[in-house]
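Dear colleague,

I am passing on the structure we spoke about, with the sequence alongside. Please have both open while you read, as the notes below go through them part by part.

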Amino acid sequence: QSMARRVNSVPVGFTPLDCLTGSSSEDPSVNFLLTCDPELANLPGWSTMDNILRSIPNRGFNVFQLGLIAEKESTLPSVGMVLFHKLGLLDTLPLNMHTLYSYMKRVAQEMPDNPYHNHL
């Protein structure tokens with residue numbers, strides 16, 4: 001099926017978040033993140049962070065709440081990896097989970113503080 005045909009058949013009212021409801025990974029757990037960065041479990045707010053990350057498929061996901069409890073360099077890679085996981089990209093693309101997480105973490109570390117474009 002061509003890309004143009006698939007794009008033209010997008011249902012009216014479709015949003016990118018709708019992709020997450022048909023995720024190939026039905027496991028709501030985000031504990032796979034601990035294999036990428038075991039230090040996440042030592043964050044004082046890890047259990048709250050875990051609950052927030054589990055809510056990513058829901059439209060009520062609050063990235064600002066996550067930003068208050070997560071360290072700056074943990075927000076982007078955690079959200080990014082959960083999205084990759086929930087969309088099934090970690091299973092279908094030849095990506096090394098640890099390398100991808102490290103890359104996202106490095107991007108977050110190098111991102112300057114800018115209220116219009118930041119780690120959130």
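This is a predicted model: local features need pLDDT of at least 70, side-chain atom pairs count only at pLDDT 80 or more; totals for chains, interfaces and linings use all residues.

On the side of helix 6 the contact is made by K72, E73, L76, P77, S78, G80, M81 and F84, and on the side of helix 8 by M97, L100, Y101, M104, K105, V107, A108 and Q109. The axes of helix 6, which spans residues 72–86, and helix 8 come within 8 Å and cross at roughly 140°. Because angles over 145 degrees count as roughly antiparallel, helix 6 and helix 8 are described as oblique to each other.

Helix 6 also meets helix 4, and the axes of helix 4 and helix 6 come within 10 Å while crossing at roughly 40°. With that angle, helix 4 is oblique to helix 6, and helix 4 passes helix 6 in a right-handed crossing. The residues that make this contact are M49, L53 and R54 of helix 4, together with S74, S78, V79, V82 and K86 of helix 6.

Two residues of helix 4 deserve a look of their own. L53 lies in helix 4 and is buried, with a relative accessible area of 0%. Leaving aside neighbours within four places in sequence, L53 is in contact with V30, L33, L66, S78, V79 and V82. L53 and T75, which are 22 residues apart in sequence, are 9.8 Å apart in space, C-alpha to C-alpha.

The other is D50, which is placed in helix 4, residues 46–54. Is D50 buried or exposed? D50 has a relative accessible area of 8%, and because buried means under 20%, D50 counts as buried. The side chain of D50 makes a polar contact with the side chain of R54, at 2.9 Å. Not counting residues up to four places away in sequence, D50 touches V30 and N31.

In helix 8, I would point you to H98, which is partly exposed, with a relative accessible area of 38%. H98 touches T35 and C36, again not counting residues up to four places away in sequence. H98 and C36 are 62 residues apart in sequence, yet C-alpha to C-alpha they are 5.2 Å apart in space.

As for the protein as a whole, its secondary structure comes to eight helices and zero strands, so that the elements run α-α-α-α-α-α-α-α from the N terminus on. Buried residues make up 34% of the 120 residues. Among the contacts with a separation of 6 or more, 64% are between residues 24 or more positions apart.

Finally, a word on confidence. The protein averages a pLDDT of 74, and 71% of the residues score at least 70. Confidence is lowest in helix 1, residues 3–8, at a mean of 40, and highest in helix 8, residues 97–110, at 90. Over residues 1–27 the pLDDT is below 50, and in the model this stretch has 24 contacts beyond near neighbours in sequence.

With best wishes

How values were computed: Residues are numbered from 1 along each chain as its sequence is written. Side-chain values use heavy atoms; hydrogens and water are left out. Helices (H or I, at least four residues) and strands (E, at least two) are DSSP runs, numbered from the N terminus. Buried means under 20% relative accessible area, exposed over 50%, partly exposed in between (1.4 Å probe, protein chains only). A polar contact is a pair of N or O atoms within 3.5 Å; within protein, one must be able to donate a hydrogen and the other to accept it, and residues adjacent in sequence count only if both atoms are side-chain atoms. Contact means heavy atoms within 4.5 Å. pLDDT is the predictor's confidence in each residue, from 0 to 100. Axes are lines fitted to C-alpha atoms, for helices over the stretch in contact, and angles run from 0 to 180 degrees between N-to-C directions. Angles under 35 degrees count as roughly parallel, over 145 as roughly antiparallel, 65 to 115 as roughly perpendicular and the rest as oblique. A crossing is left-handed if the near helix is turned anticlockwise from the far one by less than a right angle, and right-handed if clockwise.
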